[in-house]
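Welcome! Take a look at it first, and then we can walk through it together.

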Amino acid sequence: MTTRIAWIDPDPAHARRALQLLALRDRGWLVMPVPRPDAGATALQDWSAVVLCLGEGERQLPDWVPAGRWPLLLCLPPDGEALAAPVLRTASRAGCLADYVLRGGEGDHLPELVRQLDLLLAHGGTGQLPVPLLQVQLQRMQTALGSMSQGILQTDAAGRVNVYNPRVLELLNLPAELMATQPTLAELTQLQIQRNDFGTQCELIDVRGRSYVLAGALDAPPDLYWRRTRDGRMLEVRTRTLPDGGLVRTFADVSDHVRVQSELQRSEERFRSLCDLSSDWYWEQDAQLRFTDIAGVAVRQDARLQGLQGHSLWDIAAANMDEADWASHRARVQARETFRDLELKRIAQDGSVMWISLSGEPIVDKSGALQGYRGVGRNITERKRVEGEIERLAFYDPLTGLPNRRLLMDRLQRLCAALERSKRYAALLFIDLDHFKNLNDTRGHDLGDQLLAQVARRLRHCVRASDTVARFGGDEFVVLADALAFDPAQARLDAQRVALKAAQALCEPYVLGDGETYHSTPSIGVTMFRHPVLAPEELLRQADFAMYQAKGAGRNVVRFFDPSLLAQMRARAELETDLRLGLPRDELVLYYQPVVDAGGATIAAEALVRWQHPQRGLLAPGEFIELAEQSGLILALGRWVLDAACRQLAQWAGQPGLRELSVSVNVSARQFRQSGFAQEVLAAVQASGARPERLRLELTESLMLSDIEESIAKMAYLRAQGVSFSLDDFGTGYSSLSYLKRLPLDQLKIDRTFVRDVLSDPNDAAIVRTILALAQSLDLGVVAEGVETDSQLEFLRQHGCPAFQGYLFGRPVPAALLESSLLPSAA
Ligand SMILES: Nc1nc2c(ncn2[C@@H]2O[C@@H]3COP(=O)(O)O[C@H]4[C@@H](O)[C@H](n5cnc6c(=O)[nH]c(N)nc65)O[C@@H]4COP(=O)(O)O[C@H]3[C@H]2O)c(=O)[nH]1
């Protein structure tokens with residue numbers, strides 16, 4: 001029970017000092033300043049002791065002295081011992097302890113007073129005197145109140161403060177002496193109003209308490225209000241009314257709480273505003289990894305993100321994640337690892353795709369238990385789209401949408417690795433469209449593109465979804481068919497079926513441009529392989545080689561790669577590399593073969609290319625021209641020949657005896673079809689200073705068949721500049737009179753195969769005669785090629801052939817040799 005001491009003191013300063021000292025001693029007493037009990041003794045019922053102090057000049061005890069009812073300690077003026085005697089007697093008679101202390105100056109007596117009080121109470125507790133149970137309880141209560149962090153006060157029904165603790169004095173800055181007088185709440189409020197404790201407009205009190213305070217604390221108090229003190233504390237004031245009409249009021253210093261709250265609020269506001277400014281969003285998951293909080297502008301604007309709420313990642317169908325991916329993410333979460341950039345592809349019911357990226361870290365409580373995860377999310381749909389676009393551009397052919405060469409090589413590489421496990425055969429089909437260049441060059445790229453796009457579609461439809469169809473470049477396509485049979489014979493049949501199906505699909509008529517029907521055929525080379533495989537490049541070379549064999553076999557053919565031709569293929573590949581390197585190294589040379597007139601005088605020379613191969617010696621065109629055609633090197637080669645021939649012409653122009661020589665140059669189909677061909681010729685003429693009238697270009701019939709109008713235009717243009725044209729190998733092709741008449745030609749060349757057998761084969765003789773007659777009627781010059789014998793010459797002469805070329809007059813030789821044979825010897 002709390003020791004409850006009534007402190008009756010008319011001197012507030014004295015009372016305050018005494019109470020402070022007692023508080024310092026920390027006896028746990030509840031010392032209650034009470035007014036002079038002249039109003040009666042009813043309020044003084046449960047005291048453990050009563051201290052009755054007389055003021056400095058008081059010489060008389062009050063009428064009412066509580067002697068005999070409670071242990072009593074008198075604090076008397078310095079010479080007031082006499083006053084004590086009757087009191088002590090009364091007390092003694094009543095069996096109650098009483099004692100006295102004389103006041104000293106400056107409060108010297110106070111320690112003694114406390115000591116006496118101690119003694120008084122100690123004796124009171126020994127059993128010499130009855131100590132009421134209530135007194136013990138009061139003592140406890142006093143200790144409790146004294147140690148409370150909250151201020152507390154209690155009033156009676158009249159609003160008089162009869163209980164309070166030191167903390168209230170401190171929090172409200174109330175004078176102890178005032179409190180000792182048992183002021184009313186209204187008086188305390190008045191005091192604080194006077195001191196401006198509530199602010200001039202009571203603004204330091206929140207709205208809940210403002211009117212109550214303004215009304216002088218006379219109305220019914222609110223249960224709760226907050227007020228700020230002038231020293232900046234925030235107090236939470238709670239009031240509870242008691243059944244007897246009194247009230248208990250507590251004052252809690254919530255400054256720290258408020259500060260933390262406002263800091264939290266500021267931090268929350270900062271977080272929110274950052275969230276609002278950012279396109280990223282914030283998320284939190286509970287221990288079951290369900291999204292509990294998803295915040296950010298992006299979320300507010302997107303119902304699909306709001307839909308994540310309440311779901312765990314495992315509930316989310318992510319199209320890009322398979323079981324293994326989820327398992328690995330689960331393992332990370334179980335290990336409570338931080339994860340970054342987990343990318344999920346979500347497909348909404350309306351089919352729209354959304355990519356999100358999540359990064360998160362675990363939330364762990366003090367005991368180490370997982371509370372969940374928190375992190376940031378980002379909508380990466382646009383980034384993924386751009387990445388996809390970049391990938392498409394990097395790995396797909398824009399015209400056909402098929403994988404390009406790079407992606408094909410990647411897939412081929414992967415397939416090669418997979419074959420180790422599957423042990424099955426796979427096949428690589430190299431498909432080239434026959435005569436595509438004709439279409440492209442003669443009918444324009446638009447139609448060419450249309451054809452390629454249709455070819456791509458057909459190929460895709462005739463292979464399995466797992467097979468790869470790629471556009472390798474130009475009119476070349478590659479099909480990669482995997483998972484063929486284990487058995488080689490069966491696998492070959494499988495591959496053949498794929499190739500024939502592709503061939504059949506591509507042979508169907510195409511509708512191009514304005515509904516025009518076009519026919520195309522493919523040449524297909526196939527190579528088969530299984531583990532262990534060659535390098536992907538080598539496989540492609542094999543299929544490519546087989547495709548050229550298909551072309552060589554007359555086009556529209558399927559050819560399987562024949563390993564026995566491997567050496568040939570390699571040699572070809574090597575030669576191509578050599579030629580590529582040899583061209584810029586000036587390894588080509590021009591030989592010249594004389595063309596003579598009926599009198600045997602050399603009137604012209606045909607430039608015939610040779611390749612001075614560093615290892616293999618002098619190579620004839622038959623060994624590399626076709627290769628140059630197929631590899632595209634023919635363009636560079638043709639340009640080189642033109643330049644070299646023009647330079648030669650220019651050089652001969654300065655030499656009497658040679659200056660009238662014409663030079664004829666063979667022009668390949670591909671070279672002639674180039675759009676800048678005419679300019680290229682003129683550039684060579686101009687650069688060298690050759691006379692264009694001395695330059696003759698030899699074209700073949702087939703070359704002009706494809707686009708006769710364009711051929712005519714080109715020839716006419718060059719002819720206008722002085723360049724002349726000869727039709728080579730005349731008679732071997734489709735020789736149509738109708739177009740022969742239209743071509744701006746100067747000369748026909750009778751092919752050497754007719755000349756060879758002109759004496760033995762009546763057909764050839766007839767053809768030669770016809771050509772000569774034709775030339776005459778069209779007013780064209782004629783040169784008979786391959787004249788080797790006098791008899792052949794004789795026959796040709798008899799039938800009016802004006803010019804001849806052949807071993808009979810001279811083989812192709814270097815320019816210097818031709819010159820020396822033509823010029824009078826220095827001797
Ligand atoms: N059996 C026999 N052959 C004779 C006789 N007289 C000449 N020849 C050969 O017949 C070929 C004539 O050239 P072509 O018909 O234009 O046939 C040429 C031409 O189509 C092509 N060619 C040569 N040089 C070039 C060139 O610079 N550019 C292009 N595009 N093709 C060229 O290579 C082909 C072969 O050229 P070459 O091997 O030099 O072979 C030459 C020449 O050596 C003879 O009396 N008997």
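How many bridges join strand β1 to β2, and in which direction do these strands run? There are 5 bridges between β1, residues 4–8, and β2, and the two strands run parallel. Keep in mind that this is a predicted model.

**The sheet around β1**
- Within this pairing, isoleucine 5 has valine 31 of β2 as its bridge partner.
- Strands β1 and β2 belong to an open sheet of 5 strands, ordered β2-β1-β3-β4-β5 and paired in parallel.
- At the edges are β2 (30–34) and β5 (98–102), each of which pairs on one side only.
- On average, neighbouring strands of this sheet are turned by 20 degrees against each other, with direction ignored.

**The protein chain as a whole**
- You will find 30 helices and 32 strands in the protein chain.
- Of its 827 residues, 33% are buried.
- Taking contacts between residues at least 6 apart in sequence, 59% join residues at least 24 apart.

**Around the ligand**
- The ligand is surrounded by 23 residues, and the closest are Leu608, Val609, Pro621, Asn666 and Gly806.
- Two elements give two or more residues to this shell, namely β24 (602–613) and α21 (634–653).
- Strand β24 supplies the largest share, with 3 residues.
- Sorted by class, the shell holds 10 nonpolar, 8 polar and 5 charged residues.

Note on methods: Residues are numbered from 1 along each chain as its sequence is written. This is a predicted model: local features need pLDDT of at least 70, side-chain atom pairs count only at pLDDT 80 or more; totals for chains, interfaces and linings use all residues. A residue is near a molecule or strand if its C-beta atom, placed from the backbone, lies within 6 Å of it. Helices (H or I, at least four residues) and strands (E, at least two) are DSSP runs, numbered from the N terminus. Ala, Val, Leu, Ile, Met, Phe, Trp, Tyr, Cys and Pro count as nonpolar, Asp, Glu, Lys and Arg as charged, and the others, Gly among them, as polar. A residue is buried if 20 or more other C-beta atoms lie within 10 Å of its own, exposed if 12 or fewer, and partly exposed in between; C-beta atoms are placed from the backbone. Two residues are in contact if their C-beta atoms, placed from the backbone, lie within 7 Å. Two strands pair if DSSP finds at least two bridges between them. Axes are lines fitted to C-alpha atoms, for helices over the stretch in contact, and angles run from 0 to 180 degrees between N-to-C directions.
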